[in-house]
Amino acid sequence: MSDLNSQIPSTFDPFADANADDSGAGTKDYVHIRVQQRNGRKSLTTVQGLKKEFSYNKILKDLKKEFCCNGTVVQDPELGQVIQLQGDQRKNVSSFLVQAGIVKKEHIKIHGF
């Protein structure tokens, strides 16, 4: 029986590196792009985590003009300012933010289906 115990490796935590990334939340700021289902085929795209030095209204204006959709800036008590766009615009918003130089590609997290 002791032979079996010697072959079992010590405890391994597969989420250790993920928890280590969360502990340094102030060092790596991510921009989260999410899609929310409304009703039927309708959906909302939300952009959260942009730096406060950017003008959200100007970014929203450019996004609306570029993708021919409507949108708004919502003030959330926990998340701060969040940009909401009509439709599933996740890939479009991601490429727009990278091309405009607002965010680097590795700092964007796309969530959804």
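Visitor: What should I know before I start?

Guide: Residues are numbered from 1 along each chain as its sequence is written, and side-chain values use heavy atoms, with hydrogens and water left out. Because this is a predicted model, local features need pLDDT of at least 70 and side-chain atom pairs count only at pLDDT 80 or more, while totals for chains, interfaces and linings use all residues.

Visitor: In what order do the strands of the sheet stand?

Guide: First, the general idea: helices (H or I, at least four residues) and strands (E, at least two) are DSSP runs, numbered from the N terminus. Two strands pair if DSSP finds at least two bridges between them. Here 5 strands make an open sheet with mixed pairing, in the order 3-4-2-1-5. Strand 3 (71-76) and strand 5 (108-110) are at the edges with a single partner strand each, so one side of each has no neighbour in the sheet.

Visitor: How do strand 1 and strand 5 pair?

Guide: Strand 1 (residues 31-37) pairs with strand 5 in the parallel sense, over 3 bridges. Look for isoleucine 33, which stands opposite isoleucine 110 in strand 5.

Visitor: Which strands does helix 3 touch?

Guide: Contact means heavy atoms within 4.5 Å. Helix 3 (residues 56-67) packs on the sheet and touches strand 3 and strand 4 (80-86).

Visitor: At what angle do the axes of helix 3 and helix 4 cross?

Guide: Axes are lines fitted to C-alpha atoms, for helices over the stretch in contact, and angles run from 0 to 180 degrees between N-to-C directions. These two axes come within 11 Å and cross at roughly 125°. Where the helices meet, Asp62, Leu63, Glu66 and Phe67 in helix 3 face Asn92, Val93 and Phe96 in helix 4.

Visitor: Is cysteine 68 buried or exposed?

Guide: Buried means under 20% relative accessible area, exposed over 50%, and partly exposed in between (1.4 Å probe, protein chains only). Cysteine 68 counts as exposed because its relative accessibility is 73%, whereas cysteine 69, at 13%, counts as buried. You will find cysteine 68 in the loop between helix 3 and strand 3. Cysteine 68 also has a positive phi of about 50°, although it is not a glycine.
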